[in-house]
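Subject: Structure handover

Hello,

Here is the structure you asked for. My notes on it follow below.

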Amino acid sequence: MNNLKCSNFQLSKYYFVFPNEIIWKCQRCTLCCKDSRKHIRHIKILKQEGIGLSRKIKVPLEHFAVPTLDKTYSHEILKYNGKCIFLKDNICKIYDSRPLICRFYPFEMKLIEKDIYHILFSGKECNAIDKGKKLNKEYFRELAKNALKNFTD
Ligand code: SF4
Ligand code: SF4
């Protein structure tokens with residue numbers, strides 16, 4: 001996955017650089033919702049995501065997340081037996097409201113310079129690489145739109 005070719009697009013005042021030759025389709029294996037032998041999964045959320053989710057599911061934030069020391073992500077969703085507490089019978093119970101970090105997986109977004117974000121492949125454990133079809137600019141644009149909405153709300 002090194003040396004991936006990249007393209008870019010602009011949204012508002014921001015530029016996003018994304019890998020443009022990735023073939024991927026989620027296999028719904030739920031590996032990214034839990035710890036594995038090699039990896040401890042941290043399901044980090046933005047403060048506004050936590051507040052929004054708390055309102056939506058009518059459960060206080062502190063009942064499903066703990067604060068972190070991270071500057072960007074204020075909380076981390078709790079796990080039980082190494083699995084996200086929202087994973088029940090291998091289904092995400094908050095799928096439509098799942099946090100950005102889950103929507104992005106196996107990618108993550110990093111600010112590399114003022115107003116320039118890089119969308120990177122980081123989920124090496126994901127089972128879906130080379131399955132499905134090539135992810136296009138629209139796929140990454142939707143992710144970026146979602147992220148900007150949350151970062152600027
Ligand atoms: S690990 Fe990859 S294939 Fe499995 S659920 Fe997560 S994103 Fe989908
Ligand atoms: S919120 Fe949903 S998608 Fe995210 S880790 Fe938990 S169960 Fe998986």
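For residue classes, Ala, Val, Leu, Ile, Met, Phe, Trp, Tyr, Cys and Pro count as nonpolar, Asp, Glu, Lys and Arg as charged, and the others, Gly among them, as polar. This is a predicted model, with local features needing pLDDT of at least 70 and side-chain atom pairs pLDDT 80 or more, while totals for chains, interfaces and linings use all residues. Residues are numbered from 1 along each chain as its sequence is written, chains are lettered from A and ligands numbered from 1 in the order written, and side-chain values use heavy atoms, without hydrogens and water.

Ligands: the shell of ligand 1 (residues with a heavy atom within 4 Å) comprises 8 nonpolar, 3 polar and 1 charged residues. Among them are Trp24, Cys26, Arg28, Tyr105 and Cys126. Around ligand 2 there are 9 nonpolar residues, no polar and no charged ones; Cys33, Cys84, Cys92 and Cys102 are included.

Cysteines: there are 0 disulfides (cysteine sulfur pairs within 2.5 Å) in the structure. Buried means under 20% relative accessible area, exposed over 50%, and partly exposed in between, with a 1.4 Å probe and protein chains only. Cys126 is buried because its relative accessible area is 18%, whereas Cys26, at 37%, counts as partly exposed.

Regards
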